[in-house]
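Here is a short tour of a model, written for someone who likes to know which residues sit where.

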Amino acid sequence: MRIFNSNKEYGLVGKLFHWITFLALLLQVPFGFYLVGLEFSSERIELENIHILVGITIFYFTLFRLIWKFFNTSPSETKSFFIGQAFIGKANHFLLYVSIFTITISGILKKLYMGETLNFIFFKYGFKKDNFILADAYYDVHVYANYLLLALVTLHIFAVIAHHFIFKDKILKKIL
Ligand code: HEM
Ligand code: HEM
């Protein structure tokens, strides 16, 4: 299997980026919803720290993924079956990236505005002053961006199913 993308399909690195992100989000989204329902305790703080560390890792991972994408050819578009199909596909992919960055950056800003020092893996950083109004606002962004991500992933998966069973093209082979 090729490391780099070709005109026909994603290379090994592109595939790994896609499926590792998929698995990480499959765990991280329900984990976040579970976390907010917990009573305040030292166990909850520990779980929140894991959520934050995984979230910051997803942030770096997505950044590397975009850098990799930038230096690679993208597999060519599959044949369109209706006007605007290619645009919808591109917009879906673009917004998936936007939602992942919005979720991670708003989570980070929420914690920083709470006045906490965060472990960014390579360094630690905290704001000098807290601002609870902004912390609450960024938390709202965190929650709504998660709903946006869920809607986009649903559309993404429906599109793949439609391609496979209705349009009968080889779109899945690009990423498997
Ligand atoms: C958390 C869930 C998922 C996310 C965030 C996600 C995200 C993405 C993104 C951003 C791309 C564009 C890659 C690029 O060129 O930069 C992509 C492509 C693709 N994804 Fe997903 N994906 C998810 C789940 C899935 C699942 C479950 C399937 C299969 C059932 C799938 C099948 C595909 C296929 C076939 C492509 C290639 C589309 C094309 O090049 O036209 N994805 N995905
Ligand atoms: C892609 C990565 C992430 C996903 C999918 C995600 C998802 C979620 C979800 C679904 C919730 C529950 C929201 C609610 O219903 O109220 C949540 C809560 C939370 N997230 Fe994230 N998150 C991610 C990254 C981060 C990051 C990077 C941080 C901070 C650095 C963070 C900090 C928090 C905090 C503090 C809570 C509230 C937990 C509590 O109240 O104890 N998240 N997250």
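Ala, Val, Leu, Ile, Met, Phe, Trp, Tyr, Cys and Pro count here as nonpolar, Asp, Glu, Lys and Arg as charged, and the others, Gly among them, as polar. Please keep in mind that the model is predicted.

With those classes in hand, the shell around ligand 2 divides into 13 nonpolar, 8 polar and 3 charged residues. Altogether 24 residues surround ligand 2, and Gly32, Val36, Ile52, Gly55 and Gly107 are the closest. At least two residues of this shell come from each of H1, helix H2 (42-70), H3 and H4.

Around ligand 1 there are 20 residues, of which Leu25, His93, Leu96, Val160 and Ile175 come nearest. Helix H1 (12-36), helix H3 (85-113) and helix H4 (132-167) are the elements that give two or more residues to that shell.

Here are the two shells by class:

How do H1 and H2 run relative to one another? Their axes come within 10 Å and cross at roughly 155 degrees. Angles over 145 degrees count as roughly antiparallel, so H1 is roughly antiparallel to H2. The crossing of H1 past H2 is left-handed. Among the residues making the contact are Phe17, Ala24 and Gly32 of H1 and His51, Gly55 and Trp68 of H2. By class, this contact has 10 nonpolar, 6 polar and 2 charged residues.

Conventions. Residues are numbered from 1 along each chain as its sequence is written. Chains are lettered from A and ligands numbered from 1 in the order in which they are written. This is a predicted model: local features need pLDDT of at least 70, side-chain atom pairs count only at pLDDT 80 or more; totals for chains, interfaces and linings use all residues. A residue is near a molecule or strand if its C-beta atom, placed from the backbone, lies within 6 Å of it. Helices (H or I, at least four residues) and strands (E, at least two) are DSSP runs, numbered from the N terminus. Axes are lines fitted to C-alpha atoms, for helices over the stretch in contact, and angles run from 0 to 180 degrees between N-to-C directions. Angles under 35 degrees count as roughly parallel, over 145 as roughly antiparallel, 65 to 115 as roughly perpendicular and the rest as oblique. A crossing is left-handed if the near helix is turned anticlockwise from the far one by less than a right angle, and right-handed if clockwise. Two residues are in contact if their C-beta atoms, placed from the backbone, lie within 7 Å.
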